[in-house]
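Hi there,

Here is the structure I promised to pass on to you. Have a look at it first, and then read on for what turned up in it.

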Amino acid sequence: MSPPQSATPQPGHQPQPQPTAHPQPQLPQQPASNQSIPPAASATQQKTAKKRWFKRKKKADIQFPQDSDGTQKPPSWKKAAIGGGVALALFLFGGGVLTGWFAHNWYVAAYTQASSDPTLVEVPVSEVELGTTMPDIRGMLENDALTVLSDLGFATSTVEVESKPWAGAPGIVIEQFPAPGIDDLTDLKIVVSEQALVPNVLGTDRKDALTTMRSLGAEVVFTEQFLADEVPGTVIKSEPVAGEPLGDSVNLTVVSAGSSFYLNTLDPISGYCSSGSFRLDGKEFPQSIECDSREEGVQYEWDLQRRVDAVEFTLGISDEADQTGGSVTVTAYVDGEAAGEATAKFGEPTKMFIPTEDALRLSLTISSVKPSEDSYYRHSAILGDARVIGTTDNIDQMER
């Protein structure tokens, strides 16, 4: 079918643009008819007919897929569009739900933090079960002891805590009330240690010093030492010294009444001296030793085995000496260190005391002065009743 042609252009009418040429669709053939558009149709009728022709042509250009029976199917892009729309709707709905949930949580958190009056939650205090007895918490750290009581149902705020100077580490439970095993738990009290210092017990009696140290929780280790000029039992030394932190134990040295034996029963490891009874200025000394002397000195040495506290004797010249002039001198060395010196003349003996605490060797160098310049005689030195002194235990353990 061809569009009708206008026979004569109307005055003032612009020609219509012609559509772009394209293949004509194959429309179903219509049976022949004697009816047709009259050639003399008006301009309005021609315009209307042209619109109808374009509509029919547009429909003819769109070919939809057909089923096997010839029925047309809607195109696949329509199905995709429908599915996409549904997915978009679900996405928007889910996003709205999540956004609302996050907004709600943010609001609750912000409101909680901004609140000036936080909610206080009271936790009920558990009660102590019937039959519960007081546990033994002595020796525990304070916090550990309170935890034990709390686990048993005690309110720690009701436990009275006191402190007391005590030997050893601070912060330890040293006393508790009630005692372990007691079931009357109405009043609870613990005493916690604080650092104690060593008290000054020098010059006090052994018994009093022991009482003082034990009152602070310290054990005492006693060491005995013989001192001729001190009263037995007197404390003369402490380790650690007074004023230092007091540990679990302290060492105290006390004066011992001591025990002794005569030096003449201990053989020298260097030199030789004889034993005997000698009179010095009219007094008899039955347990004495006699040692030779020279002008330059003669050395004698004894092994004290670190068990002797002191060696003492009376130095003199025998009353039976052939000549009365001259003198003898004894110089003492303890482990190589000078420890004292004494000189005696005829008829004038002198006492000599040599401290030897914890010493291994005692050395005596004996020198003399001749009675006269033209004499060849030299006096022997008499160590009258020379004694080795120490504690009873040490003296008993010495090898002689």
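Leaving aside its neighbours within four places in sequence, which residues is Ser 193 in contact with? Before the answer, please keep in mind that this is a predicted model.

The residues touching Ser 193 are Lys 164, Trp 166, Ala 169, Pro 170, Gly 171, Ile 172 and Ile 174, once neighbours within four places in sequence are left out. You will find Ser 193 in strand S3. Its relative accessibility is 4%, so Ser 193 counts as buried. A polar atom of its side chain lies 3.0 Å from the backbone oxygen of Ala 169.

Now for the sheet around it. Strands of a sheet pair through backbone hydrogen bonds, and they may do so in parallel or antiparallel fashion. Here there is an open sheet of 3 strands in the order S1-S3-S2, and its pairing is mixed. At the edges are strand S1 (160-166) and strand S2 (173-177), each of which pairs on one side only. From one strand to the next, the twist averages 25 degrees. S2 and strand S3 (residues 189-195) pair in the antiparallel sense over 4 bridges. Helix H3 (residues 142-151) lies across S1, S2 and S3, and runs at about 170 degrees to S3.

Next, the disulfide. A disulfide is a covalent bond between the sulfur atoms of two cysteines. The structure holds 1 of them, joining Cys 273 to Cys 291 with an S to S distance of 2.0 Å. Cys 273 sits in the loop between strand S7 (259-262) and strand S8 (274-280), while Cys 291 belongs to strand S9 (residues 283-291), so the link ties together parts that are 18 residues apart in sequence. Both Cys 273 and Cys 291 are buried. The link is right-handed, with 110 degrees about the S-S bond.

Last, the nonpolar cores. The largest has 34 residues, and those touching the most other members are Phe 313, Leu 315, Val 330, Ile 354, Leu 364 and Leu 383. Several strands each supply at least two residues of this core, including S9, strand S10 (298-303) and strand S16 (381-390). Beyond its neighbours within four places in sequence, Phe 313 is in contact with residues including Val 330, Met 352, Ile 354, Leu 364 and Leu 383. Another core, of 14 residues, lies apart from the largest one; among its members are Val 198, Ala 209, Leu 252 and Val 254.

Notes: Residues are numbered from 1 along each chain as its sequence is written. This is a predicted model: local features need pLDDT of at least 70, side-chain atom pairs count only at pLDDT 80 or more; totals for chains, interfaces and linings use all residues. Side-chain values use heavy atoms; hydrogens and water are left out. A disulfide is a pair of cysteine sulfur atoms within 2.5 Å. Buried means under 20% relative accessible area, exposed over 50%, partly exposed in between (1.4 Å probe, protein chains only). Two strands pair if DSSP finds at least two bridges between them. Axes are lines fitted to C-alpha atoms, for helices over the stretch in contact, and angles run from 0 to 180 degrees between N-to-C directions. Contact means heavy atoms within 4.5 Å. A polar contact is a pair of N or O atoms within 3.5 Å; within protein, one must be able to donate a hydrogen and the other to accept it, and residues adjacent in sequence count only if both atoms are side-chain atoms. A nonpolar core is a set of buried Ala, Val, Leu, Ile, Met, Phe, Trp, Tyr and Cys residues joined through side-chain atoms within 4.5 Å.
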